[in-house]
Amino acid sequence: PPAWDRATRPPPSPLQPAGLPLAPCRSFSNNKIQVELDESSGVAMMKFKSPPVNSLSLEFLTEFSISLEKLENDRACRGVIITSALPKIFSSGLDITEMCGKSMEHYAEFWRAVQELWLRLYGSNMVTVAAVNGSSPAGGCLVALSCDYRIMAENPKFSIGLNEAQLGIVAPFWFKDTFVNAVGHRIAERSLQLGSLHPAPEAHKLGLVDELVPEEKLLEKAAAVMAQWLALPDHARQLTKTMMRKAVLDRLVAHREEDIKNFITFISKESIQKSLRMYMEMLKKKK
């Protein structure tokens, strides 16, 4: 695995008893994602920092996959808490500019990166906890859904859901499978057809998120949940997770190239390009 950058913590404060060493903390940071690994607990904190809305661009997706791979290959790391460094937004989902007016080769590269991220996150051996500290539509919702546990800030202004239908896009089968596995078939079917975004209290009621906590307690709660999951032997938890998720992961692996072709055919249709352009215009006006 690529070497980590070493980062030292600040010197001990005068209040700290002498002789008690601080746990080593390793961090690496790139343009879009910041990661810190606490070696004493084996828990990494991954924060999205791609203003204004943490949209999943090709660069973001690539950095995300590389960061996950580094953690996965690091024996000191057993779990990762995923959150946003930006207030009010977890991730706005796939970057529409990557899907509008680009070449077929670009669409293929972009979609492969989306697949890669999901395969890595959904199939991760680590315990993955999403601390959803803001709205999380579409691809942002998929990132949260791919984690083992989802905690969301208790704010009715924050919403989460796979709202692709609102943009005239169809959520791919593996988005759908991940959603169905979290909330059940009926809720997923209705929500996907309507492209619903569910406010936090409703998302909790539907089982889309596991828990709601006040915003200021979000990371504290994520750490407590992580400790609970890490109290189990890793191998038993990992084998159980594989057993539960393998069929869904295998389905994409078996149909990966076909899925890329379907995406390119769909996204390059003039009617779809037109609705994406209209949506981008609408976003510009909102600014």
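1. Contact is taken here to mean heavy atoms within 4.5 Å, and helices (H or I, at least four residues) and strands (E, at least two) are DSSP runs numbered from the N terminus. The model is predicted, so that local features need pLDDT of at least 70 and side-chain atom pairs count only at pLDDT 80 or more, while totals for chains, interfaces and linings use all residues. Residues are numbered from 1 along each chain as its sequence is written, and side-chain values use heavy atoms, with hydrogens and water left out.

2. In the contact between helices H4 and H5, Lys-176, Phe-179, Val-180 and Val-183 of H4 meet His-185, Ile-187, Ala-188, Ser-191 and Leu-192 of H5. These residues divide into six nonpolar, two polar and one charged, where Ala, Val, Leu, Ile, Met, Phe, Trp, Tyr, Cys and Pro count as nonpolar, Asp, Glu, Lys and Arg as charged, and the others, Gly among them, as polar.

3. H4 (residues 173-183) and H5 (residues 185-194) pack at an angle of about 130°, with their axes 7 Å apart; axes are lines fitted to C-alpha atoms, for helices over the stretch in contact, and angles run from 0 to 180 degrees between N-to-C directions. The two helices are therefore oblique to each other, given that angles under 35 degrees count as roughly parallel, over 145 as roughly antiparallel, 65 to 115 as roughly perpendicular and the rest as oblique.

4. H4 also packs against helix H8 (residues 234-254), their axes coming within 10 Å and crossing at roughly 175°, which makes H4 roughly antiparallel to H8. Here Phe-173, Trp-174, Lys-176, Asp-177 and Asn-181 of H4 meet Val-248, Arg-251 and Leu-252 of H8, and the contact residues divide into four nonpolar, one polar and three charged.

5. Seven strands form an open sheet of mixed pairing in the order E1-E2-E3-E4-E6-E8-E11, two strands being paired if DSSP finds at least two bridges between them. Its edge strands, E1 (25-29) and E11 (211-213), each pair on one side only. E1 runs antiparallel to E2 (residues 33-38), to which five bridges join it, and Ser-27 has Glu-36 in E2 as its bridge partner.

6. A further open sheet, also of mixed pairing, has four strands in the order E5-E7-E9-E10. E5 (88-89) and E10 (198-199) stand at its edges with a single partner strand each, so one side of each is left without a neighbour in the sheet. E5 pairs with E7 (residues 134-137) in the parallel sense over two bridges, and Ser-135 in E7 is the bridge partner of Ile-89.
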